[in-house]
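Dear colleague,

Please find below the structure that I am handing over to you, with its sequence.

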Amino acid sequence: EGSVKRARKLQAKAEVREAVTRHMSGFLSSMAGDPGSATLRQIKEGCAPHFGEGWAAVMVEYKDFIKSEAVRLVEFFEVLHQAKGAALAATQAEEKRAASEKAAAEKAAEKKAA
């Protein structure tokens, strides 16, 4: 019976951690601009509505987890944001190159026709 209680308690803690991570991730992904600039306070405030009245107790019980998970997720979203920026820049450069090649081909075709 003691091991069953302990297993249930561990399962409940795992579920809370999963919920915290899910809501933090959702908050960061919905941020306008660079999620890497999010503060711990902003993240906590962004998660609060999902936990309602129980958020204060969750913050006390899982304080260290919330801090470390926030750092991990902010770093992840910062890398993701940078990768998206790099991909966008590469796409824009490719579009510019293709437009330049098309313009050169059109110019060559006009010269040939003249």
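I begin with Arg41, which counts as exposed because its relative accessibility is 62%; the terms are buried for under 20% relative accessible area, exposed for over 50%, and partly exposed in between, computed with a 1.4 Å probe on protein chains only. Please note that this is a predicted model, in which local features need pLDDT of at least 70, side-chain atom pairs count only at pLDDT 80 or more, and totals for chains, interfaces and linings use all residues. Residues are numbered from 1 along each chain as its sequence is written, and side-chain values use heavy atoms, with hydrogens and water left out.

The side chain of Arg41 meets that of Glu45 in a salt bridge, at 3.2 Å from N to O. A salt bridge here is a side-chain nitrogen of Lys or Arg within 4 Å of a carboxyl oxygen of Asp or Glu, and the count by this rule is 5. Both Arg41 and Glu45 belong to helix α2, where they stand 4 residues apart, about one turn of the helix. Helices (H or I, at least four residues) and strands (E, at least two) are DSSP runs, numbered from the N terminus.

Helix α4 covers residues 63–113, and its 51 residues should span 75 Å at 1.5 Å a residue; the end C-alpha atoms lie 74 Å apart, which agrees. The expected span is 1.5 Å times one less than the number of residues.

Which residues of α4 are buried? They are Phe65, Ile66, Glu69, Ala70, Leu73, Val74 and Phe77. Their cover includes α1 (2–30), α2 (40–51) and α3 (55–61).

Helix α4 also holds Glu94 and Arg97, which are 3 residues apart and so separated by about one helical turn. These two form a salt bridge whose closest N and O atoms are 2.3 Å apart. Arg97 also meets Glu101 in a salt bridge, at 2.3 Å from N to O.

Finally, His23 is placed in helix α1 and counts as buried because its relative accessibility is 18%. Leaving aside residues up to four places away in sequence, His23 touches Cys47, His50 and Phe51, where contact means heavy atoms within 4.5 Å.

With kind regards
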